[in-house]
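Subject: Structure handover

Hello,

Here is the structure I promised to pass on to you. Please have it open while you read, and my notes follow below.

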Amino acid sequence: MSTTTQTYSTASVDMPDESRQAHAMKSFAQDFGAVSALQIEACIHCGMCADACHYFLATEDPKYTPILKVEPFKQAYKRESSAFAPFYRLLGLKKEVSADELQEWQELLFDSCNMCGRCSLICPMGIDIATLIENARRAMFEAGLAPDELYQRAREQADSGQPEKSEEGYSDRIAAIGREHGIDIPIDRDSAEVLACVPRTDLEQYPEAVVALAKTLKHLGADYTFRSESLVAENYGYYAGSRDWQRKISMRIIDQAREIGAKLVLVPECGHAYTALRWQAAELAGEELPFRVRHVTEFLAEQVADGRLRLNQVDDEATAFHDPCQLVRKGGVMDAPRTLMRELGVNLEELPNKKGFSFCCAGGGGVNDIERARPLRYRAQELKLREVDGTGAKRFLTSCSDCRLAFTDASEHFDWDKRPESLLELVAANIKE
Amino acid sequence: MTILEFARGPMLHFALAVFVLGVIWRIVTILFLGFKRYHSEPRNGLVKSLIGGMTVTGSRSWPHKEFIGRTGAGEAIGYGYHIGLFIIVLLGTPHVVFWKNLFGVSAGWWPTLPGGVVHVLSILTVTLLLIVLIRRISHPVLRRLSNFDDYFSWFITFTVMVTGVMAVFGLGGRYETILAWHIISFNVLLIWFPFGKLMHAFFIFPTRAVVGYLQSRKGAAT
Amino acid sequence: MTQSDNNRSSQPTIGQVLDERGVSRRRFMKFCTAMASLMAMPPMMTSALAQNLRQARRPSVIYMPFQECTGCLESLTRSFSPSIENLLFDTISLDYNHTLFAAAGTAAEAARHEAMEANWGEYILIVDGSIPQGAGGVYGTSAGESFVDQLRHAADGAAAILCVGTCASFGGIPYANPNPTGAVPVSEIIHDRPIINVSGCPPIPAVMTGTIVHYLTTGGVPDLDKYGRPSVFYGQSIHDRCYRRRFYDEGKFAKSFDDEGARNGWCLYELGCRGPTTYNACATVKWNEGTSFPIESGHGCIGCSEPNFWDQGGFYEPVTSKLFEDRGQIGGAAAAGVALGAASAYAASRRKKKRSETAGEEESS
């Protein structure tokens, strides 16, 4: 398959065009609350969002202008829900979004958008473009136009709790990691204060990160457990744009946490998992959750503040830190990683675009999983790699395994002299006993 | 009925009615679409989030330093003609007396600027509007994004400006005729206002406030 | 020069009349110089003007007053004597004007018919006042004839028609809303004769004279603006020639008639001055032998030489002000906006539901 052809989600290859439209409309219509409507109405086509987007900056191709990615949905809104919708329909001023158009937009909404939200920060009108894109992705999913990789993994995760079938189940895998590294990893305890979960990326690529989490929690004497029913932190339903599957996947964790009476759900180093659990799970569940949700860096920073966690000073090697977009721009986890780095005495060379303005790793939003998006992703990543080089840093830290995966891939591709490292691993390695 | 009488009589009356009707209609529709209740545990409480909303309402008026290198020129032009328009519309004597008369206020405190200053500003603003158009046509992103709304909204604003300048400098015909066309084009602007992007005048601050509130609620970057 | 020489041959030339009355050459040249400057002619044209004027045949003038207030005639006749305007009025053969006539009733009417017949096709018809057409024209009759009929008849024999004042030119005050008499200007009734409008309420005497002089010296209709007024007198707005213009440019305005600005003689724009939309020679020729004009006396121009000047809103409302009173309809529009907005949102939610159902059906099928 060439990199530009569109893919239909496996289950819906035979979906008739009218049906695609109806589904897309239904889904998008659900999002037409006053907040979305206000944002759709407010756009003045100033084009500034392009200047925030790493895809546009890397390619200078105007089709990657963020707000353009939701253009069909703006049209749909005007036809369906705006004040003058009857006139638009009557006079045919806004065409119904066609299935062809939707297909054309698949690349724009999925391959070339990490929903990183940098565009939302630049918009002089205050439009949260990233959220509109999230809504548009949901419509695409309903129209059977989510990229098949994401569709498959979301369905699999919704069904089995595991995005992809693997030779050994994930709960076996995590147990094996514990055995290999000689550390006790509690799984499926009946009750615990803290429910932990883990990125599948770590299980498959960075087992050291899993170990680091277990080691740190053990040191803190945390009353915690993993649950095999809800082991995976990522939410492919969120990536693919499936409201139902996203909810189903989140509900696994929510139900497990309820079952064990957890007071805290600990999100590992994973950005989208944080957005999905910290902010969206309660909305999809339609109720307040009986536990708190914290990112592991937030949790550890609290421990440092309370004096329960003390760290050794690391070497003074110049270090750059990548702020994962989901944590800073969508999640509000801004200072916790810096608290930890300060405690570690990290010689931090901040990037020019730091904290809320951090350039995305270009792998988020499921893009890591879309094979055909790889060449475009590398182009977008170059920006970031150059920026890191510019600081003169030798060490490159982040606190999201999806970002880490994307940068690992890029550093191999570009034969870069740095490898992304996990802040959590650095913390775990320097705990003052 | 002369054309000037038509322009500031029945047509102005009609245009104002359409303007008021359309603007309220469009805003009320949005409000009635309803607001969601949020269930997630907020990072910041209501007061802090509301303050955040208000802060963003103001702070988005200035680009973040991370972006200014790329957006500075566009913002400068945008600011330029907006300021020009506002000064001319709010401080030019014929406009001030128009507003006073329209709203039925005497407002002795309402100052006016010397004609010469307004004339210079008008010419600058017209020039900036031309640059805006050239930019919209030549900038790849803007060209790709632009639709009828963008061009027509520009056109009608430009027409109001140009007829105003012509009336002031006595160009293109008799004063009352050009004045009539100035008012007619303003009427068209009023009529078009609720249907196109000119509505951003009403949307800009609520949109910023909402996004500022929601981001502050999460403690996320604004 | 078509109708001049042979048609008017029965009349003496103006030169002869002047000589007869002992008007000195000096005084005549002074008059001509004034006229030439009024008509914006270059100074060397003065002698040519004088020569033409002396040679012109003394015209027969029929002056018909209709629905009017006599203000225009007052203006023309009450200028200081001996004025240059008077000079011309003394010179022309005013064959009929029932206000000025010593004769009255049947005798006056007979004189009019006689004069018209004698100069049929040659006389200048001066019309003063609008013509009421309502109810078959009964709102204005004289000697058993309606004004409409009188005008039609008089116009038939006229070489040209001079409308004196805004009423004859544009309908004026009788024409103002709601115009109960169905008044119209001359131009709405007569279409086959040259019509020169000398508007103003009243018109400036010198402008009136200048127009007649122009007609006599060239024998033709002067260059007219779009309202049929001689461009030479009505070519520029009061505002453009106003001595207070610099205050407008500087942004100095009187805000009331008794404030500092008013005392300092600042621009009266905000007090409703119609200078910007009014075309007349007031600011240059002035009134009462060049003494002053309304703005100089501290009151804004009311635009009396413009069509419909009576219906342009209050005289103290600026020229850009709205021309409607009712604000209720705007309030109604606001209420309607709220209702339509609510309805639209309801319709949108209905469509939302419908969409969900359709999509659902397809899903299950």
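First, a term for the sheet: two strands pair if DSSP finds at least two bridges between them. Helices (H or I, at least four residues) and strands (E, at least two) are DSSP runs, numbered from the N terminus. This is a predicted model, in which local features need pLDDT of at least 70 and side-chain atom pairs count only at pLDDT 80 or more, while totals for chains, interfaces and linings use all residues. Residues are numbered from 1 along each chain as its sequence is written, and chains are lettered from A and ligands numbered from 1 in the order in which they are written.

**A sheet in chain A**

In chain A, four strands make an open, parallel sheet, ordered β6-β5-β7-β8. Strand β7 (residues 395-398) of chain A runs parallel to β8(A), and three bridges join them. Across this pair, Leu397(A) is opposite Glu421(A) of β8(A). Helix α20 (residues 401-413) of chain A packs on the sheet and touches β5 (318-322), β7 and β8 of chain A. The direction of α20 makes about 155° with that of β8(A) (axes are lines fitted to C-alpha atoms, for helices over the stretch in contact, and angles run from 0 to 180 degrees between N-to-C directions).

**Chain C as a whole**

Chain C holds 16 helices and nine strands. Its radius of gyration is 28 Å, well over the 21 Å that the globule rule gives for 365 residues, so chain C is more spread out than a compact globule. That radius is taken over C-alpha atoms, and the rule is 2.2 Å times the number of residues to the power 0.38. The C-alpha atoms of chain C fill a box of roughly 110 × 55 × 40 Å along the principal axes.

A residue is buried if 20 or more other C-beta atoms, placed from the backbone, lie within 10 Å of its own. In α3 (residues 46-55) of chain C, that applies to Leu49(C), Ala50(C) and Leu53(C). Down the axis of α3(C), its buried residues fall within an arc of 100°, so they line one face of the helix (the arc is that of the directions from the helix axis to the C-beta atoms).

Contact means C-beta atoms, placed from the backbone, within 7 Å. By that rule, 34 residues of chain C are in contact with 33 residues of chain B. The largest share of chain C's side, 13 residues, comes from α16(C).

Happy reading!

Conventions: Two residues are in contact if their C-beta atoms, placed from the backbone, lie within 7 Å. A residue is buried if 20 or more other C-beta atoms lie within 10 Å of its own, exposed if 12 or fewer, and partly exposed in between; C-beta atoms are placed from the backbone.
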